[in-house]
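Please examine the sequence and the structure shown below. The paragraphs that follow lead through selected features in turn.

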Amino acid sequence: MRIAKIPILILCLTISACNGNYPRDPENSLEKAKRKSLRVGIAESKELSNYNNGNPSGIEVELIKGYAQSINAEIEWIAASQQEIGYLLKEFQLDIGIGGFTKTTPWKKHVGLTRPYSTEKIKVAVPKGEVVPEEIEDKQVVVKKGSSALAAVKKKKGIPVLVNSLTKITQLTAAPEEELKKMEATISEYDLIKVDHVVVIPKGENALLKSLENYIHSEWKNREIKKSL
Amino acid sequence: MEKQGDKEKFIATEAHELPDNLKKKLAKAKKLEWLTIYYLITVVIAIYFALGSSQAMKAAFIEDLLSIVPSVLFLVAHHWYNKRPPGNEYPYGLHKVFTAAFLLGSFALLAIGLFALYDSSMAFFKKEHPTIGNIYIFGYSIWMGWIMILALLWSFIPAVFLGRAKLPLAQKLHNKILITDANTQKADWQTAGAAIIGIIGIGFGLWWADSIAAIIISLSIVKDGFKRTKGSMTDILEQIPTEIDNDDKKHPLDYEIYSFFKNLDWVKDVRIRLRENGAVFFGEAFIIPKEKISQSGEMVSLIEQAYKDVKKLDWKVHDITIQPVKAFSQEDSK
């Protein structure tokens, strides 16, 4: 190829890309969702998403409902495991998957991820008046059973002390920042880990991704701010 | 390494001096190589931050990273070459350091091509649809594809000029690592161009555009890398000197050297051997002198004169050993 042709070709392609309908979906997911319905795979995940026999609830469910409304699409809820959601998305048999997916999901090779709709910061806290230690290595840390805070404590080489529920901070404790803020405590500046919550979509459906990310960036984030006021 | 008594034992080849105009070219080439290294580091950083799941983008990243190799090799080779003039340890001088660098550099080019080919073919056959997200700057949503293209343009435009500036220098200096480097820049901008087209294609919903663009480019890099790796091998095996950018074409100097000896008035017949050591030629000339010369005593001074004169043909003619013989041992040698 002659070198002079390349910039011209690029310029032509760029100009024709500027008609608004860009980027497009190779499998037309967004168009189909608007015409028919948005097929949403929903896996159970604590307060994030619950199928409830066809009456779904949870933060991620609210997010998807809001998004569907913003593009004027009906939702078809499909109860599934994360595993099934991964497989179905890979074959373009779902448009969106929810249920506690994070930025580091092992499925990320096979599915597309949106930007995080919320970031959970796992921090440590001590009773008011005490000093938060610089690190938790070899220290006893109170954590809830089966929480991501437990994994974070193990990762940072702390010694977990398991409890069923957190109501009061009596000693060094690890939990999501939101939860710690509800109690009387001095909270660490640093994060043990950050958990980025995302929504998953079929790989390469860049128009759907753009429209969903636009919703997350503008309306969803604003909604969260309004709620906290 | 150097032993007592070596001083009386060895005679090293003369240190090679480039003609003045070429010295300037060499200094310019060195400056360009430093510039290339700094430039490529910025490119690698830019692409790293824009790197998404685009196949061609990944190929461009690996490509740019590996394409620092030939520039570094050129400078390292020069460093060693200047540091070690011909002496008792390296009596032939360090000319072949460039041949070694040429081998490594061209192999790097081949490796770049093979990697990019493997990676992009896999993406194509697995039907991987590249997902490209968005970023938000001052409230505006921008498709990451555009940011990638911006980074790729930085890998594209300066590389064109760098490559073009080096090519004539490499030809004049008969420096194969430099020409490999110039061609690496060519591979750089071609990869970047293909990646840009691929990303724009993704935006049109053509998921395969990206991997196809990457496959085409990697094929051309593989071809180039293979040609050069082969060329560097033939240099090591001491093939007859060839044109700098065409390994199948004999260098015209072999004929000039042959006719120089053939036309000396005391020479009855001559055969020569030549080899490339880096940028310069070494060789032997076997001369059958005319009969009246071999009987007179002036042959040694005639040979010494011819040794000095043949070097004036071209700066590349560095060291030709002249050997008087009665007859050629293999009359039919070609």
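**Salt bridges, a buried leucine and the chain contact**

D224(B) is buried, with a relative accessible area of 19%; buried means under 20% relative accessible area, exposed over 50% and partly exposed in between, with a 1.4 Å probe and protein chains only. The structure is a predicted model, in which local features need pLDDT of at least 70 and side-chain atom pairs count only at pLDDT 80 or more, while totals for chains, interfaces and linings use all residues. Residues are numbered from 1 along each chain as its sequence is written, chains are lettered from A and ligands numbered from 1 in the order in which they are written, and side-chain values use heavy atoms, with hydrogens and water left out.

The side chain of D224(B) meets that of R228(B) in a salt bridge of 3.5 Å, N to O; a salt bridge is a side-chain nitrogen of Lys or Arg within 4 Å of a carboxyl oxygen of Asp or Glu. Because R228(B) and D224(B) are four residues apart in helix α7 of chain B, about one helical turn separates them. Helices (H or I, at least four residues) and strands (E, at least two) are DSSP runs, numbered from the N terminus. R228(B) is likewise buried, at 7% relative accessibility.

Another salt bridge joins E238(B) and K96(B), at 3.0 Å from N to O. This pair links distant parts of the chain, 142 residues apart: E238(B) lies in the loop between α7 (207-236) and β3 (242-243) of chain B, and K96(B) in the loop between α3 (68-83) and α4 (97-125) of chain B. E238(B) is partly exposed at 34%, and K96(B) is partly exposed at 32% relative accessibility. Both belong to a network of salt bridges that also links R273(B), R275(B) and E284(B). Over all chains, the structure holds 24 salt bridges.

L162(B) is found in helix α5 (residues 144-173) of chain B. With 7% relative accessibility, L162(B) counts as buried. Apart from neighbours within four places in sequence, L162(B) is in contact (heavy atoms within 4.5 Å) with L32(B), L35(B), T36(B), Y39(B) and Q185(B).

How many residues does each chain bring to the contact? Chain A gives 25 residues and chain B gives 27 residues. The count of salt bridges between chain A and chain B is zero. On the side of chain A that touches chain B, α1 (5-16) and α7 (206-228) of chain A each supply at least two residues. As a whole, the model scores ipTM 0.82 and pTM 0.81.
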